[in-house]
Amino acid sequence: MYKNKKKIAILLSTYNGEKYITEQLQSLLNQTLQAFTIYIRDDGSLDNTLKICQHFQQLNPSKVVITEDDDGNIGAKQSFNALLCSVESSYYMFCDQDDVWLSHKVSDSLEFFESKLSSDNKPMLIYTDAMIVDSELAVMHDSLIKYQGKNPNLTFKNSIFNGVALGCTMLFNHALKEISYPISEYAVMHDSWITKVAITVGEVYYLDIPTIHYRQHDNNVYGLKKSKFLGKLKFSRQAIMSSQGYLVYKETLEVLDRFSYSEEQIELKNTLTEPSSSLSFKLIYLIKHKYINKFLLNNYKGLSLVLAKKI
C-alpha cells in the first residue's frame, strides 16, 4: 500500500499512450498547486509509454510513483481499480493519459471541494466542465456539459441511470473511496461507478469551469459517442447482454444492492427486481418517478429489452 504524504493522489492508468503521455505528465507538473503525488499504473503497454513514465519518475522522484503488480493487461476500469487498491490518500483524482490539464485544475478543484465539505466522514465528489479538443488540442467545443446537453447538477433521480461526471474532471475524498471500493465487475467504467455511489450515499457538486482539454482521437478508450435507438438490435440474450442498456442496468442494480438505504432507493430496487412486474409497469414507474426519459432510453439502447427479459 502506498500512503500518500501529499494531500491528493493523482491516479493515472496508461496503455500504449506514447503519443500524448509527455504532454499530459508535463501539464500535471505545471500545476499552480503542487499538493499531490502522481501514481501511475501501466496496463501492459507495448510501446514506449512506460519508458517515458520512468523518465519522468527519474526527473521527479518526489512527485511520480510507478506502481507495480503482476496483473498485466486488465483494461482501464480494473487498472484504475488496482490504483485505488494500492494508494491511500486524503483525496483522489483520476487522470487519463491523453488529456491535458489546465494549470489551475488542482487548485480550483481542491478549493471548491473544501468549500463544500462539511465532514471528512461524508463521502463526497466534485467534478468540473471540460473543453473538447481534437488530437492537436484545437478546441472543438468549449463546454463538454453544454455539448452533451445534460443537467450537470446530479441527483439520485436524474443520475442513477445516467451519471454524467467525467472521471478525469473528478476530485473525491477517502470516505467515498472506502465505501465504493472495490469497483464492481458490473460497472460500466470506474467513473460511472464512483458517480453512482456518490449520488446514492454521499454528495456530488459541479464546478462550472473547464479544467482540462479533453482530447478526442481515434484511439480513445472511452470517448464521446452518440448512441442511436434500438435499431437492428435483436431480442437475443447475447444482444441484450452486450447492449449499453444492459451494462447500465446491471451497474445500477449493483449500486442499489450495496447501498439502498432510503425508502426511495429500496422501492426502486424492489420495483426493478420484482419478477411478476411487466415491462410496461417498470417503464411507466421509471418515467413517472423521473428516473429515465425518452432521451435516456434513446441513448441506452437495450434498456427496455433488459427489463422485458428480466436478465
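Biologist: At roughly what angle do the axes of α10 and helix α11 cross?

Modeller: Keep in mind that this is a predicted model. Packed helices get described by two things, the angle between their axes and the distance between them. Here the axes of α10 and α11 (residues 263–273) come within 10 Å, and they cross at roughly 130°.

Biologist: Are α10 and α11 parallel, antiparallel, perpendicular or oblique to each other?

Modeller: Angles over 145 degrees would count as roughly antiparallel, and 65 to 115 as roughly perpendicular. The crossing angle is roughly 130°. The pair is therefore oblique.

Biologist: Which residues of α11 make the contact with α10?

Modeller: On the α10 side, the contact uses Tyr-249, Leu-253, Leu-256, Asp-257 and Phe-259. Their partners on α11 are Gln-265, Leu-268, Lys-269, Leu-272 and Thr-273.

Biologist: How far apart in space are Glu-251 and Met-189, C-alpha to C-alpha?

Modeller: Setting aside neighbours within four places in sequence, Glu-251 has several contacts, including Tyr-186, Trp-193 and Met-189. Along the sequence, Glu-251 and Met-189 are 62 residues apart. In space, C-alpha to C-alpha, the separation is 9.3 Å.

Biologist: What does the count of disulfides come to?

Modeller: A disulfide is a covalent bond between the sulfur atoms of two cysteines. To count here, a pair of cysteine sulfur atoms has to be within 2.5 Å. By that rule, the count is zero.

Notes: Residues numbered from 1 in each chain as written. Predicted model: local features only at pLDDT ≥ 70, side-chain atom pairs only at ≥ 80, totals over all residues. Heavy atoms only, no water. Contact = heavy atoms within 4.5 Å. Axes fitted to C-alpha atoms, helices over the stretch in contact; angles between N-to-C directions. Helix = DSSP H or I, 4+ residues; strand = E, 2+ residues; numbered from the N terminus. Parallel < 35°, antiparallel > 145°, perpendicular 65-115°, else oblique.
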